[in-house]
Amino acid sequence: MMDRFFLIAAYSDTEQGGIYTYRFAADGRPRQIAFAPLKGAGYLAKSRDGKHLAATCTLDGSTDALAFFQINENGNLNLLDLQPTGGLSSCHVGFSPDENFVYTANYRSGSLTEFRLANDRLTRTQIIIHEGRGTHPKRQDAPHVHYVHPTPDGRYIASVDLGLDAIDCYFFEPGRGISPLGAKRSPIAPAASGPRHLEFLPESNRAFLVNELANTVMTLDYADGEFQIRDCMPTLPFTLDCYTSKAGAIRLSPDKKMLCVSNRGVDSLVFYQVSSQGNLTQTQFCYCGGKSPRDIHFLDGGRRFACADEFSEKVTFFRWTERGYEPDGNELTLPRPLCILPC
């Protein structure tokens, strides 16, 4: 399936901060077609029909917020609403299964925020605060929610907590939101793994989890709000601690046959083949050409690939060849690119 265009969130409090819309030209170069100013633009999520966008951001450079946009066919974004999340360091966003609610993961406050969505307006309905700590003395001194997304069965909202080495699944009731009366918790072992983001394999009970601190990717079995670890593989060809390198983004290709994880520190990409049974085999390891690849994504039906290098403030592009993904010479310069989203 061909993308209409793709979005890049650039985190800045200057006039350059916001969401950039690009389309690939006939020569393969990315061409900017629109721009929506938004301070502190961070993580992006779109509705299933591709007509609406939720984005984490800031109101004044310090107050974390959620923005809600209409996505037009020409790539322009119309801001419909902007509301504070009530959390600190809102770093991930996801729609509910019925898309009547939107959720943010708030890293520094260890919480997730629920918004009811009605008539293109956001109403904050609840904030759920995690408690506890992990074993890593500096990175797990408190809860750190890093991901929030519905499970494939539509029954739960899953949140990944880096600080607690856990995935919590909150029961979701259509029209009412999630139940705050506890969650099904799946511990992630070994301790100090630091789980970050999930990718669910559609039409299966399989999921993939990237662990930031351990620099690993896990294959998980999912059933009724609970996860079991099936396999664990390194994202680096050598062992390093989380101060030397930190695993970052995890993305599935459009055909669901390839998985990619980024490494920040040892600034690199690792690709895995996904078998029909949902098992992983590493096929490629390469350096990304920038510093701290915060996000990555498959574009143009998988024929192209993009890497958002946060600290070198650029986005690098790759093309698919018979040898794997290779740099195609195209780059974009943007302030702190944090998220890439095909539309």
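Analyst: Buried here means under 20% relative accessible area, exposed means over 50%, and partly exposed is what falls in between. The model is predicted. Phe6 has a relative accessible area of 2%, so Phe6 is buried.

User: How many aromatic pairs are there?

Analyst: The count comes to 20 aromatic pairs. In one of them, Phe6 and Phe24, the ring centres are 5.1 Å apart and the planes sit at 35°.

User: Where do Phe6 and Phe24 lie?

Analyst: Phe6 is in strand S1, residues 6-10, and Phe24 is in strand S2, residues 18-24. The two are 18 residues apart in sequence, so the pair ties together separate parts of the chain.

User: And Phe24, buried or exposed?

Analyst: Buried, since the relative accessible area of Phe24 is 18% and the cut-off is under 20%.

User: What about Tyr20 and Phe35, what is the geometry?

Analyst: Their ring centres are 4.5 Å apart with the planes at 45°, so this pair is tilted. It links distant parts of the chain: Tyr20 is in strand S2 and Phe35 in strand S3 (residues 30-37), 15 residues apart. Tyr20 is buried at 9% relative accessible area, whereas Phe35 is partly exposed at 32%.

User: Which residues form the aromatic cluster?

Analyst: Phe6, Tyr20, Tyr22, Phe24, Phe35 and Phe317 form one cluster.

User: What lies over the face of Phe24?

Analyst: Arg304 does, at 4.5 Å from the ring centre.

User: Switching to the backbone. Which residues does the cis peptide bond join?

Analyst: Ala189 and Pro190, with omega at about 5°. Pro190 is in the loop between strand S16 (184-187) and strand S17 (195-200). Most peptide bonds are trans.

User: What is phi of Glu203?

Analyst: Near 55°, a positive value in a residue other than glycine. Most residues other than glycine have a negative phi. Glu203 is in the loop between S17 and strand S18 (206-211). At 86% relative accessible area, Glu203 is exposed.

User: And Arg336, what is its phi and where is it found?

Analyst: Phi of Arg336 is near 40°, also a positive value in a residue other than glycine. Arg336 is in the loop between strand S28 (324-333) and strand S29 (337-342). Its relative accessibility is 30%, so Arg336 counts as partly exposed.

Conventions:
Residues are numbered from 1 along each chain as its sequence is written. This is a predicted model: local features need pLDDT of at least 70, side-chain atom pairs count only at pLDDT 80 or more; totals for chains, interfaces and linings use all residues. Side-chain values use heavy atoms; hydrogens and water are left out. Rings of Phe, Tyr and Trp (its six-membered ring) pair if their centres lie within 6.5 Å; planes under 30 degrees apart count as stacked, over 60 as edge-to-face and the rest as tilted. Helices (H or I, at least four residues) and strands (E, at least two) are DSSP runs, numbered from the N terminus. Buried means under 20% relative accessible area, exposed over 50%, partly exposed in between (1.4 Å probe, protein chains only). A charge sits over a ring if NZ of Lys or CZ of Arg is within 6 Å of the ring centre and within 35 degrees of the ring normal.
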